[in-house]
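These are my notes from going through one model, written in the order in which I looked things up.

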Amino acid sequence: MLAIQTTDLSKDFPVGFWRPRPYRALDKLTLEVEQGETFGFLGPNGAGKTTTLKLLMQLLYPTSGRAEILGRPVGDVGVKRRIGYLPESPYFYDYLTAEELLSYFASLVGYGAAERRRRVSALLDEVGIGSERRLQLRKFSKGMLQRVGIAQAILNDPEVVFLDEPMSGLDPLGRREVRNLILSLRDRGCTVFFSSHVLADAEALCSRVAILASGRLIASGKITDIHAFQVRGWELIVAHLSGESLERHRARMRKVTAIADRQYALELPLEPGPDGLLRDLIGEGAHLVSLNPTRESLEDFFIQQVGQQEPR
Amino acid sequence: MRVIRHIAVNVFKESVRDKVLYNLVLFAILLMAASYLLSQLTAGQDIKIIKDLGLAAMQLFGLFMAVFIGIGLVSKEVERRSIYSLLSKPIRRQEFVIGKYVGLVLTLAVNLAIMTVAYYAVLGYMAWMAGSWFKPGWEAPAMDPALLKAVAMIMLQLMVITAVALFFSTFSSPMLSAGLTFGFYIVGHFNADLKHFEAIIDSRPVVYLARALYYLLPNLAPLDVKAQVVHALPVPAAYLLLNTAYAFVYIAALLTASSFIFLRRDFK
């Protein structure tokens, strides 16, 4: 059974007051996420990530297509018991304390009073909210609210958790804590589906990603697979390279960057491989420091793909 | 039922932590107390004035509470996006709507109870202060239990108005909801005129339209028995029961419509 499955999922919003016309926010999204995966849902602002998450939470109804979570249609109350959701920039009730809010949500899940107290206390510890737990939420900073949001999303030990921009509003320490939390959820066997426009987060956490732009899925798969077809050359770093050697072989290099005295970073084209040049340079007295394939970074890939999209 | 109860308790908690609510209750109680001073200007009619003004204060401030809290019940959750996390929990949208309604009714009931206690306290003070030569002229005792019939009917009116406010707040903005709810309240008190429109206008379509509006709009005038109880006129139990049944049917219809609208709503 798949954790998440969408088939040709589309959503139109009417735009315009006098004669509204449909604006396609999501276009025939077909996606499969296996159980236990940490799945990154990437795209720039306005790509349709939040719309997808809202469709999966049935906060929006699809124009066409269908979506299932754990083999059941989205919106099924039984399924909601097994999932968690962190909305983008979460906001809660001003007049409740963090403790009261989580206790309220726990009561909606169906936990008894003793279990509620135990869970709420443990969760607030886990997300790093200490004595502030007895403050009303209106006194919380954005980062603190984000932590409360994460706590409420994992309140019921979910099998699948949906996180919409979970790092948003967090300081570097908070980001690291959330990363660790996502890794610990993964280790517990929880499927994590998170959206982000911060690609480093996806690179650090995800087994697979899907990239969305202008409402359309433009790539999906393992990050390494996406990188693989985008290797674009080699970066060779050498020391003790003489000026004459450099001039002699300059035509075989795409770009030369001086790093230190007689130490250079040489950018080489993909073809022919670096072997011949490396052999020649070493033969002329240079020392090899490092040799790496230069890949299209996820960020470059992202920008390039988004640029190719036709406007909606 | 469990979910509805928890949502209702949360609405109650939200309301009692709202300073606006305290101000409204305080104003109502002050108005009741002030009615004592006003009554001093009208020899012989003082107790009636206190009874009248007290019930009117309860109705007016109860109406403000019902409308101003009612219109925000759903729209505030949507505007502030707190509804996103809430609806991801194992609840149905209908339970959310009904829970919100029950929570506000609970809040109104508690506040009306506080105002009723204050009302009887003012009346008790009046009875204690009045000379024995005044009392025989009174149509009913100062602390007449029949006044509770009017209080109960005010509660019913507020329950209807809360359902109206909630209905509008499921699809329109708070300001528009407030305007429409106040409009319904006013029209609801003059609704009976629509039933006999043929007496003033000789146009079949208009008469049919008026008749349709009569059935569609809340009929609040029969729920207003303030004048009867203040003047010690009988209010039969059958009359109260019939109008209570009407109010409950009207509320059920509104909550069903609210749930239906809310069920299909997109949260962008």
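This is a predicted model: local features need pLDDT of at least 70, side-chain atom pairs count only at pLDDT 80 or more; totals for chains, interfaces and linings use all residues.

Entry on the cavities. I looked up the second largest cavity, and its lining consists of Leu56(A), Met57(A), Ile69(A), Val74(A), Gly75(A), Val79(A), Lys80(A) and Ile83(A), together with Leu87(B) and Ser88(B). Sorting that lining by class, I have seven nonpolar, two polar and one charged residues, and the space in this second largest cavity is about 40 Å³. With a threshold of 30 Å³ or more, my count comes to two cavities.

I then turned to the largest cavity, which holds about 40 Å³ of space. From chain A its lining takes Lys80(A), Ile83(A), Gly84(A), Tyr85(A), Val109(A), Gln152(A), Leu155(A) and Asn156(A), while Ser88(B), Lys89(B) and Pro90(B) are there from chain B. Strand E6 of chain A, residues 83–86, gives the largest share of this lining, with three residues, and by class the lining of the largest cavity splits into five nonpolar, four polar and two charged residues.

Entry on the largest pocket. Which residues lie nearest the centre of the largest pocket? I noted Tyr95(A), Glu14(B), Asp18(B), Lys76(B) and Arg80(B), out of a lining of 25 residues. The volume of the largest pocket is about 520 Å³, and I wrote down the classes of its lining as 11 nonpolar, four polar and 10 charged residues. On the chain B side, helix H1 (2–16), helix H2 (19–39) and helix H3 (46–79) each supply at least two lining residues, with H3(B) giving the most, at seven residues.

Entry on the domains of chain A. I have domain 1 at 4–227 and domain 2 at 232–294, and the C-alpha centres of these two domains of chain A lie 46 Å apart.

Entry on the sheet. I followed an open sheet of four strands in chain A, whose order is E12-E13-E11-E14 and whose pairing is antiparallel. Strand E12 (255–260) and strand E14 (287–295) of chain A each have a single partner strand, so at these edges one side of each is left without a neighbour in the sheet. From one strand to the next, the twist averages 20°.

I then went through the pairs one by one. Strand E11 of chain A, residues 231–239, pairs with E14(A) over eight antiparallel bridges, and here I find Ala239(A) opposite His287(A). E11(A) is also joined by six bridges to strand E13 of chain A, residues 263–269, again in the antiparallel sense, with Ile237(A) opposite Ala265(A). Between E12(A) and E13(A), which run antiparallel, I noted five bridges, and Ala260(A) stands opposite Gln263(A).

What is the phi of Arg262(A) in the hairpin of E12(A) and E13(A)? This hairpin has two residues between the strands, and Arg262(A) takes a positive phi near 60°.

Key: Residues are numbered from 1 along each chain as its sequence is written. Chains are lettered from A and ligands numbered from 1 in the order in which they are written. Side-chain values use heavy atoms; hydrogens and water are left out. Domain bounds come from an automatic or database domain assignment. Two strands pair if DSSP finds at least two bridges between them. Axes are lines fitted to C-alpha atoms, for helices over the stretch in contact, and angles run from 0 to 180 degrees between N-to-C directions. On a 1 Å grid over the protein atoms alone, a cavity is a set of points where a 1.4 Å probe fits but cannot get out, and a pocket is an open set with protein on both sides within 12 Å along at least five of seven lines; lining residues have an atom within 4 Å of a point. Grid points are joined across faces, edges and corners, and a volume is the space filled by probe spheres set on the points. Ala, Val, Leu, Ile, Met, Phe, Trp, Tyr, Cys and Pro count as nonpolar, Asp, Glu, Lys and Arg as charged, and the others, Gly among them, as polar.
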